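Below is a colleague's note for someone opening this structure for the first time. Please keep the sequence and the model in view while reading.

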Amino acid sequence: MRRPRHIRLLALLLAIWSSPALAQDVTRVTVLVDAFSDRAGLRMDWGYSALVEHRGRRVLFDAGNNAGLFQHNVDVLGLDLRNLDFVVISHRHGDHTDGLKYLLSINPGVAVYAANDEYFGGPTPSQFFARPVPTLPDRMRYFNGVVPDLVPHGSPWSHAHTQRVTAALDLAPGIRVVPNISSGKSFSETPELSLVLDTPGGQVLLVGCSHPGIETILESVDARTRPVRLLVGGLHLVTTTDAEISQLVERLDSHWKIQSIAPGHCTGEHAFALLSQRFGGRYHYAGVGTVLRVDPEEP
Ligand SMILES: [Zn+2]
Ligand SMILES: [Zn+2]
């Protein structure tokens, strides 16, 4: 005998309510800006941005390369960025920041977490004043010879509520940012934040450009002891040789035990090819408009 409709509806609601994978428990990463896509109507651009939904929080990770294009993609995807818990900007480069112009126009009060970089405000690096020459006449000396303790540095985002992050920081339960600094030849000394989401099956790690090196970042999040179940974002291998990429791909799998990967942005086409070969079904396409879903109950 069929139960009355309202009883069936109640049973369904109870089933959803008691389900371990409630909709809000599923972590979602929606790619808003990147240079490849399989979805009509969205625009491609060299840059990166993703909307992260995790444990009921909405976090914007990076803001793309062009405010107008960023707004276009956000609108086409039907997203409302007036309702965000916070913004994380991985690093200062224009291909990760320009969309802040749009974002701050609709959501000026949002908390922005940024790398500890003078570009986001804060003091001008003190080394500029570290070699004084007292024998020069005062009028030739910086600040006429009396340098203030902290010389402010201008920022395009001086009106934003920005907090520069100098050490790993919990933003909310299960959501944290981890800073690293690039020491390589390219973009030396560029500080960069990565975003870490804790799930029962392991960490979800979002990276902007990985200028400090993806292995440095993996070390900083203890990836060997706290497995990364999904790595998302740019690995900056566009100019890396195939031999070096092959070695790294092998290490990501066998040494760092990355369970699955959704590379984008500056990872590069050669690395896309080698990663998809190595990871097979554990490689996830992540072009503009892709929604990556991480179910907390799945290993
Ligand atoms: Zn960059
Ligand atoms: Zn970039």
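This is a predicted model: local features need pLDDT of at least 70, side-chain atom pairs count only at pLDDT 80 or more; totals for chains, interfaces and linings use all residues.

1. The protein has 299 residues, and 48% of them are buried. Its secondary structure consists of 7 helices and 13 strands.

2. Extent and surface. Along the principal axes, the C-alpha atoms fill a box of roughly 100 × 45 × 40 Å. The protein exposes about 15,100 Å², and 53% of this area is supplied by carbon and sulfur atoms. For contacts between residues at least 6 apart in sequence, 68% join residues that are at least 24 apart.

3. The zinc site. Which residues coordinate the zinc ion (ligand 1)? The donors are His91 through NE2, His93 through ND1 and His211 through NE2, at 2.1 Å. Along the chain these donor residues follow the spacing H-x1-H-x117-H. The zinc ion (ligand 1) and the zinc ion (ligand 2) are separated by 3.6 Å.

4. Is His93 buried or exposed? His93 has a relative accessibility of 16%, so it counts as buried, the cut-off being under 20%. His91 is also buried, because its relative accessible area is 0%.

5. The largest pocket. This pocket holds about 620 Å³ of space. Its lining has 21 residues, and those nearest the centre are His211, Gly213, His236, Leu237 and Thr240.

6. What lines the largest pocket. Helix H5 (214–220) and helix H6 (242–254) each give at least two residues to the lining. H6 supplies the largest share, 5 residues. By class, the lining residues are 6 nonpolar, 11 polar and 4 charged.

7. The second largest pocket. About 420 Å³ of space lies in this pocket. It is lined by 22 residues, with Asn116, Asp117, Glu118, Glu189 and Pro191 closest to its centre. The elements giving two or more residues to this lining are strand E6 (161–165), strand E8 (175–181) and strand E9 (191–199). E8 gives the most, with 3 residues. The lining of the second largest pocket divides into 8 nonpolar, 8 polar and 6 charged residues.

8. Two residues with positive phi. Most residues other than glycine have a negative phi. Ser210 has a positive phi of about 55 degrees. Ser210 sits in the loop between strand E10 (202–207) and H5, and it is buried, with a relative accessible area of 3%. Lys257, likewise not a glycine, has a positive phi near 55 degrees. The place of Lys257 is the loop between H6 and strand E12 (261–264).

9. Thr216. This residue belongs to helix H5. Thr216 counts as partly exposed because its relative accessibility is 38%. Thr216 and Asn180 are 36 residues apart along the chain, and their C-alpha atoms are separated by 7.7 Å.

10. His284. Where does His284 lie? It is in the loop between H7 and E13. With a relative accessible area of 30%, His284 is partly exposed. Leaving out residues up to four places away in sequence, His284 touches Leu230, Ser260, Ile261, Ala262, Pro263 and Leu292. From His284 to Ser260 there are 24 residues in sequence and 7.4 Å in space, C-alpha to C-alpha.

11. Gly281. The loop between helix H7 (269–279) and strand E13 (291–294) also contains Gly281. Is Gly281 buried or exposed? Its relative accessibility is 72%, so Gly281 counts as exposed; the cut-off for that class is over 50%. The C-alpha atoms of Gly281 and Ala167 are separated by 35 Å, and the two residues are 114 apart along the chain.

Notes: Residues are numbered from 1 along each chain as its sequence is written. Chains are lettered from A and ligands numbered from 1 in the order in which they are written. Side-chain values use heavy atoms; hydrogens and water are left out. On a 1 Å grid over the protein atoms alone, a cavity is a set of points where a 1.4 Å probe fits but cannot get out, and a pocket is an open set with protein on both sides within 12 Å along at least five of seven lines; lining residues have an atom within 4 Å of a point. Grid points are joined across faces, edges and corners, and a volume is the space filled by probe spheres set on the points. Helices (H or I, at least four residues) and strands (E, at least two) are DSSP runs, numbered from the N terminus. Ala, Val, Leu, Ile, Met, Phe, Trp, Tyr, Cys and Pro count as nonpolar, Asp, Glu, Lys and Arg as charged, and the others, Gly among them, as polar. Donors are N, O and S atoms within 2.8 Å of the metal (3.2 Å for Na, K and Ca); water is not among the atoms, so sites may look incomplete. Buried means under 20% relative accessible area, exposed over 50%, partly exposed in between (1.4 Å probe, protein chains only). Contact means heavy atoms within 4.5 Å. Accessible areas come from the Shrake-Rupley method with a 1.4 Å probe; for residues, only the protein chains shown count as cover.
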